[in-house]
Amino acid sequence: MWSGQLSALQQQAAAVLKHAVETETCTALVWAVCGAGKTELLYPALDDCFRLGKRVAIAAPRTDVIKELEPRLKESFPSIETSVLYGGRRKQAIQAQLVLATTHQLMRYYQTFDVLVVDEVDAFPYSYDASLQYAVQQAKKPNATTILLSATPSSSLLRKKDLLIAKIPKRFHNHPLPVPRTEWIGNWRSALKRKRIPAIVTKWLTKYDQYPKMIFLPSIETLQTFSELLAERKIDHAAVYAEAANRHADIAAFRKKKHNLLLTTTILERGVTVENVQVAVLGSEDRIFTAACLTQISGRVGRKARFPSGDIVFWHYGRTKAMLQAIQHIKQMNKEAFA
């Protein structure tokens, strides 16, 4: 049985989830800012489920999220048989009481789970793929409880009838969310084509030389070009994207501080926590950087109680509505949290 401590807001949300599990055949949404401790507030409801012999699945659209959840859940519930399913993972007992899986892997199941949790419910590809949403529905028993977790729920989800909502606008460590700043960088694409790193970027890298840093880029092509320029200047870094062969190894090396600079596409917009990380978005005006995406990226900063703040900068060649919406959303959450 888990014996950790929850904040007052987490306790309120946890009570909603316990009620949802007891009620059955209902859907609950935890709308919580990045770093609020969404996973931990599940634990009281999970305790009840395991005590009653119920089967539980916790699913997420992306492998990186599942890989981060695995050690936390196994440490908190060491006596519960747990399977972890994602592409390439083998020799797992798929009939375990607790299943951690990507949403793709739920296609293996039919009317199996008493409680099904979908973490990052707004994330690609789940939010855009009807077949994955169908897989979630098919994996549940007819009277199952569904729990949805998100920092950036869609307006259509919030309009859903009979939805139980628990909102947490504050992080567990009781500090405000770092608010992104915008910085005009000029025609950065032209600079990269001329094999130049914009001076603003160089200055930022120098300022945070001793800190772990992440730079998000809008495409694999841009990431690879930027990585080559860094390599030519002998700036140590790793670069990851969905199809990168060494992606998971490079992320693990970054966590272990073997590199202090990680270039990434939006694949790491969520599901990754690194202490004291500083974050920049290059080309934040690109349409791939939606308001929800930029909000999630911003949520990588200040997640740990020891380092609750940090820099999050949107480098742009023209500010967009998405950038302004993300900043406004974060400010609104802080306003609600500390009113």
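Visitor: Why does Trp 184 count as exposed?

Guide: In this predicted model, Trp 184 has a relative accessibility of 53%. Exposed means over 50%, so Trp 184 counts as exposed.

Visitor: And what makes Tyr 317 partly exposed?

Guide: Its relative accessible area is 43%.

Visitor: Why is the aromatic pair of Trp 184 and Tyr 317 called tilted?

Guide: The ring centres are 6.2 Å apart, and a pair needs centres within 6.5 Å. The planes stand at 45 degrees; under 30 would be stacked and over 60 edge-to-face, so the rest, tilted, is the word.

Visitor: What does that pair tie together?

Guide: Trp 184 lies in strand S8 and Tyr 317 in the loop between S13 and helix H11, so the pair joins parts 133 residues apart in sequence.

Visitor: Which strands form the open sheet, and in what order?

Guide: Six strands, in the order S8-S13-S12-S9-S11-S10, with parallel pairing.

Visitor: Why are S8 and S10 said to stand at the edges?

Guide: Each has a single partner strand, so one side of each is left without a neighbour in the sheet.

Visitor: What makes the pair of Tyr 43 and Phe 77 edge-to-face?

Guide: Their planes are at 90 degrees, and over 60 counts as edge-to-face. The centres lie 5.2 Å apart, and both Tyr 43 and Phe 77 are buried.

Visitor: How do you know that Lys 167 lies over the face of Trp 31?

Guide: Lys 167 is 4.0 Å from the ring centre. The limit is within 6 Å, together with an angle within 35 degrees of the ring normal, and Lys 167 is listed as lying over the face of Trp 31.

Terms used. Residues numbered from 1 in each chain as written. Predicted model: local features only at pLDDT ≥ 70, side-chain atom pairs only at ≥ 80, totals over all residues. Heavy atoms only, no water. Pairing = 2+ DSSP bridges. Helix = DSSP H or I, 4+ residues; strand = E, 2+ residues; numbered from the N terminus. Phe/Tyr/Trp six-rings, centres within 6.5 Å; stacked < 30°, edge-to-face > 60°. Buried < 20%, exposed > 50% of the residue type's maximum accessible area, 1.4 Å probe, protein only.
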